Amino acid sequence: MTDPVLIVGATGLIGNLLVRKLIADGRDNALHLLLRKPADKSYGAATVHVAPTKEWPDVIATVKAGRAVSCLGSTMKKAGSKEAFAAVDRDLVGAVGKAAKAAGARQFISVSSTMANAEASSFYLKVKGQAEQLLRSEGFDRLDIIRPGLLRGERSGDARLGESLAIIASPVMDRLLHGSLRRYRSIDAAEVASAIAALLAQDKPGTTIHENDAIWKLAGMTAA
């Protein structure tokens with residue numbers, strides 16, 4: 001990994017798996033992690049920056065990463081209100097994108113959600129779609145938007161009953177989803193992380209949305 005790479009959201013489900021993969025692959029020498037608070041874990045040779053979110057643009061300006069990844073994501077329950085949720089999943093993602101572009105980033109990768117749409121009636125999907133719009137407006141040479149289906153993986157401190165029940169039922173439900181409906185299948189967070197790691201080695205310009213099938217292909221996986 002020759003380009004400096006910046007990752008925000010490195011302590012979340014996908015972000016943590018992505019960092020672990022890059023470390024395991026020996027791609028952490030030029031890796032920069034931007035955290036809100038110190039983490040009680042080792043990040044190999046990666047450089048860790050700790051700052052409140054209002055100072056993130058200043059930190060990003062000093063890193064000057066050629067590639068940036070946002071694995072930021074909250075939930076309504078965890079955020080506590082619609083406003084707080086949008087502040088992270090739309091406003092902070094947009095601010096990171098703007099700062100990264102101003103600092104010279106050519107590629108930006110952002111984890112969004114299947115069905116994200118700025119005009120959606122669902123507040124969650126509307127916010128995700130608005131975040132995508134903000135990133136598109138920055139004019140990155142390459143923009144990769146990741147839209148996974150229901151994420152499987154071990155989360156810490158964020159139990160969601162409805163989602164937990166959906167994950168339990170996913171082995172049966174997934175087999176009923178074919179063709180264009182495969183985008184709604186559940187997907188392992190580790191596969192999403194592997195796909196992002198693969199995208200960090202690509203340079204072809206343009207904006208691309210990656211849904212489940214594309215994510216599996218990037219991760220070297222196939223779905224039944």
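Biologist: Is Arg106 buried, partly exposed or exposed, and at what relative accessibility?

Modeller: This is a predicted model, in which local features need pLDDT of at least 70 and side-chain atom pairs count only at pLDDT 80 or more, while totals for chains, interfaces and linings use all residues. Residues are numbered from 1 along each chain as its sequence is written, and side-chain values use heavy atoms, with hydrogens and water left out. Buried means under 20% relative accessible area, exposed over 50%, and partly exposed in between (1.4 Å probe, protein chains only). Arg106 therefore counts as partly exposed, at 35%.

Biologist: Which residue forms a salt bridge with Arg106?

Modeller: A salt bridge here is a side-chain nitrogen of Lys or Arg within 4 Å of a carboxyl oxygen of Asp or Glu. For Arg106 the closest N and O atoms are 2.3 Å apart, and the partner is Asp3.

Biologist: Which parts of the chain does that pair tie together, and how many residues apart are they?

Modeller: Helices (H or I, at least four residues) and strands (E, at least two) are DSSP runs, numbered from the N terminus. Asp3 is in the segment before strand S1 (5-8), and Arg106 is in the loop between helix H4 (82-102) and strand S5 (107-111), so the parts tied together are separated in sequence by 103 residues.

Biologist: Which residues are linked with Asp3 and Arg106 in a network of salt bridges?

Modeller: Asp3 itself is buried, its relative accessible area being 18%. The network that holds Asp3 and Arg106 also includes Arg67 and Asp203.

Biologist: Which residue does Lys128 meet in a salt bridge, and are the two buried or exposed?

Modeller: The N to O distance is 2.7 Å, and the partner of Lys128 is Asp89. Lys128 belongs to helix H5 (residues 123-136) and Asp89 to helix H4, 39 residues apart. Both Lys128 and Asp89 are buried.

Biologist: What is the relative accessibility of Lys98, which meets Glu138 in a salt bridge?

Modeller: The Glu138 and Lys98 side chains come to 3.3 Å, N to O. Glu138 is in the loop between H5 and strand S6 (142-146) and Lys98 is in helix H4, so this pair ties together parts 40 residues apart in sequence. Glu138 is buried at 17% relative accessible area. Lys98, in contrast, counts as exposed, at 51%.

Biologist: How many salt bridges does the structure hold?

Modeller: Side chains of opposite charge can pair when their charged atoms come close. For the structure, the number of salt bridges is 10.
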